[in-house]
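Please look through the sequence and the model shown here before reading on. The report below then takes up a few of its parts in turn.

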Amino acid sequence: MKVPIDWLKELITFRAGPDQLADWLSMAGLETVALEDDILDVDVLPNRADAWSIRGIAREVSAITKFKLKPVKIHLKESRKKVNEDIKVEVRNRDLCPRYMARVIRNVKVGESPQWLKQKLLQAGMRPINNIVDVTNCLLLEIGQPMHAFDANLIADKNIIVRQANPEEKMAALDGKEYILDTDTLVISDPEKVLAIAGVIGGASSEVGPATKNVVLESAYFNSIAIHKTLKRLKIRTESSIRFEYGVDWNGVEEALDRGAALIAQLGRGEVLKGKIDTKAKELPPRIIELRLAQIGRILGVDIPVGEIVSILGRLGFDIIQKGKETFKISVPSYRYADIEREIDLIEEIARIHGYGRFEMTMPNTAFFGKGLDPQDQINIKVREILVGAGLNEVNSYSMLGPKDFEAAGIPLGSAVEISNPMNVGESLMRSHILPGLLKTAVHNLNRQVENVFIFEIGKVSLHSSEEAPLEKWALGALMIGSPFMSALDKGVVDYLYTKGIVEDLFNSLGISGQKFTETVNFLVQPGKGAAVEGIGLLGAVHPEILRGYDISQPAYFFEIDLDALAKLVAGPKKYVPLPKYPSTSRDISMFIPANLENGMIIDLIKKLGGELVEAAYPFDKYKDSIAYRIIYRNRETTITELEVNERHSQIVEALVSKLKVRIR
Amino acid sequence: MENKIDQLKEEALKVIAQAQTISSLDESRVHYLGKKSSMMEMLRSLGTASAEDRPRLGSLVNELKETLEQALRDKKVILLQTEQNKKIVAEALDVSLPGKGIKRGHYHPLTIVMEEAKQIFVRMGFEIAQGPEIETEYYNFDGLNIPSHHPSRDMWATFFVENNLLLRTHTSPVQIRVMEKRKPPLAIIAPGRVYRRDSDATHSPVFHQLEGFLVNSNVTFRDLKGTLTEFLRQMFGKEKNVRFRPSFFPFTEPSAEVDVECVMCSGKGCRLCKETGWLEILGSGMIDPNVFKAVGYDPEKYTGFAFGMGIDRIAMLKYGIDDIRLLYENDLRFLEQF
């Protein structure tokens, strides 16, 4: 909101430059910047309806600085003719319009406003229109009460009806647009047509123009929630509607009307009819809040002297109607009804005018028992650490993807959680896999001549579920393209076993053992080059069909792991295993292996027959089409004898030949 | 015999001196000092010498043996050194070639900043809690004293999904979720992803927040100031000034915006801080009694403070990143700088 300092000076006497004013206001809660030409730009937050006017700012300056506000004088001369001879007002919904006031000014001359008025409006960022409309805008800016002027001769039957719009009812507005209304919209109408959308915008049919002779001036109090809903539905925001939406001052309705009528009569040389229409059913009920002085210290941590409390409340316009030793009874001024309802609201007022900077700092006592760190968060941290150590770079990509990303990765769309108001189609579905985001990241980098892409991401994925809320899980995805080495002299690019190595190492580091990697058929992996770890995840070469969709020509390897499932397997506190006291001995077997015989089956057999004597078994050499396995034998109780080893080893070799059909070289 | 000894000595020393390799030196040892060597023969023949000559000849042969052994030892040292030197020369390489091994990965800058912030609070005694990213209107708004059809709800541009659910616009729902389940005292931080329908150089539809709150029987606004000032000084430098300004959040009252002295100009005023000398970092305040009522706490018994900060913004300020989109583009040339 623009506040010309000259205008502010008409309302309050003060001595301070623009920067000083801006600092005072900012440090009291109204973020203000001093612009050029002595204009302040004030950011009014939604709770401060009272500050949406130059007078509101003046009141704030007065509360902060103790400078006094200037009194308001109204010079209104009324003619003999009575207003209700000229206009009749009927409010059909008092909830939406608790108060509607109107005056009539006859025989006005519509024309340009005087220079001083035009200047004021321009400085505050509003366009002058004519001397009638400018008066309403001037008072809107100065005291925050929006008003509307109708051409009285264009109101059918001189009858104003405040009602809900009919379904599909239309109105051509002053902004040149036609609005289609519904029954939730409050309108000002006559028996024939809609004259205005209440509190939002006037209609063209009763616009005040050069030919206007008689003016009906409206000043009203509309329900702020109803106005808010109307603004959302019609996607419109006007200076008037903002103020109604935040809540106007019940008493300002009448003041604005009287001042407006007086000023219109003065500028347009018209006569104000006697009296005013006022539809209010009852007076505004007083609002009295009990303020317990002990509560101030309990919240703020310091006992502000009673004298200062009294002074602050007084400067803010609060009336202390009963000053007890422990409790004050405070009456709230009508312009603060929108935000001051409770004791805590008063405590905030005292704190901000006292000055936040004046509260000395203390540290809270946190020496109580917490429940420690979040286990899932701990796993995420650990996984990140292991993967960064393994040469992968952490990325963060949007959780939203487009249907094209799902299609390119072959992921069924049916599982995706859809955003009903996306910013664009490409960000309209919540990811159900981490991989598509990684593929996009890879493409971004490959297109920029970054040849080796080793990346991972830890984040939430979500899926439709039969429950009311979608299933949300922590997931890990990694993608690897090119060489992991620092030097290009080191030959070798990522392959399946390299990928598996990282996954195995991750499991080992987390104390997870015994996970089986089994060949799998899945749309994400190239058949024969990928494996599943049951219930945990998937790894392998990205299916060539998917890579083609992303225009990636190098082989790419990935793994995806369900971190929620992984967390359940993570080993508890570690226990040390004593080091072996007796030496081990090893035997090698070199053998030709039939097609389809997996390493896993050979190891299983060796371990089964070897029992406690076999400590480890693994392939260690390849020569042409034969593979050599090494078996490590150890007896943990005593030194193993040559005889024991030979006996057990020959049983194993025999079984390999007879059961697995290997041929010993 | 004496002549023979002299002859042998002369010959052997010559051969030893000429030896080129350890193996030829070993051969010489066998030849001159081995069981079948002429020296051993001489030693054995001493028995036949006269008793008068025996001691003299004996000491001459022993002297010869010691001389040759010493010569062999000396020569061996020389040869070992020569061989080692040859090996060293042969092994010399271009030390300026690029190093070997697997290139270590990098943490995302958002992780670095988030973990740093978490650690500061954990050291102060806060514990970590998490909540879902797909939230209900209740946890994201109503429970936090943000009624529907109130203009304050427009402070958050919201993405909606199925079944009246939404993508959480802040990490504040975790406050409600934790307080519903547990009783004070509580000191919690909640890190996580949040979503707002907004996109430009400083706004991303996806970003990260760190939420925190502390509830106990006698927590005050001064504790809020102390805790957040300590956090900001650990995060931005202990010499930095911190200020608290009144503000508005529906779920706190009194509310405070927290500024730290500009990281670029140290308060003198520059483009980054829009000439104010201050950077807005945190939103905070004393938890509103309505929030306590929503979770069944008695506001007459407990007080507390809450705060929230944008991790993306802090990362941008710390590293001088001028466009938030860099954080989500994941250009490796960018990520590898951290």
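Which residues of H2(A) meet which residues of H3(A)?

## A pair of helices in chain A

In this predicted model, A:Leu21, A:Trp24 and A:Leu25 in H2(A) meet A:Glu60, A:Val61, A:Ile64 and A:Thr65 in H3(A), where a contact requires C-beta atoms, placed from the backbone, to lie within 7 Å. The residues of this contact divide into 5 nonpolar, 1 polar and 1 charged; Ala, Val, Leu, Ile, Met, Phe, Trp, Tyr, Cys and Pro count as nonpolar, Asp, Glu, Lys and Arg as charged, and the others, Gly among them, as polar.

The axes of helix H2 (residues 18–27) and helix H3 (residues 54–65) of chain A come within 10 Å and cross at roughly 85°, and the two helices are therefore roughly perpendicular to each other, a term for angles of 65 to 115 degrees.

## How the model is read

Residues are numbered from 1 along each chain as its sequence is written, while chains are lettered from A and ligands numbered from 1 in the order in which they are written. As the model is predicted, local features need pLDDT of at least 70 and side-chain atom pairs count only at pLDDT 80 or more, whereas totals for chains, interfaces and linings use all residues.

## Chain A as a whole

Chain A has 19 helices and 33 strands, which are DSSP runs of H or I with at least four residues and of E with at least two, respectively. Its C-alpha atoms fill a box of roughly 130 × 60 × 45 Å along the principal axes. Of the 665 residues in chain A, 40% are buried, that is, they have 20 or more other C-beta atoms within 10 Å of their own.

## Positive phi in two loops

A:Lys66, in the loop between H3 and strand E4 (78–82) of chain A, has a positive phi of about 75° although it is not a glycine. With 11 C-beta neighbours inside 10 Å, A:Lys66 counts as exposed, the limit being 12 or fewer.

A:Asp157, which lies in the loop between strand E7 (147–151) and strand E8 (159–164) of chain A, has a positive phi near 55°, and with 11 C-beta neighbours inside 10 Å A:Asp157 counts as exposed.

## Chain B and its contact with chain A

The contact between the chains takes 72 residues from chain B and 81 residues from chain A. On the side of chain B, the largest share, 7 residues, comes from helix H8 (residues 221–236).

A cis peptide bond joins B:Pro184 and B:Pro185, with omega about 0°.

Key: Two residues are in contact if their C-beta atoms, placed from the backbone, lie within 7 Å. Axes are lines fitted to C-alpha atoms, for helices over the stretch in contact, and angles run from 0 to 180 degrees between N-to-C directions. Angles under 35 degrees count as roughly parallel, over 145 as roughly antiparallel, 65 to 115 as roughly perpendicular and the rest as oblique.
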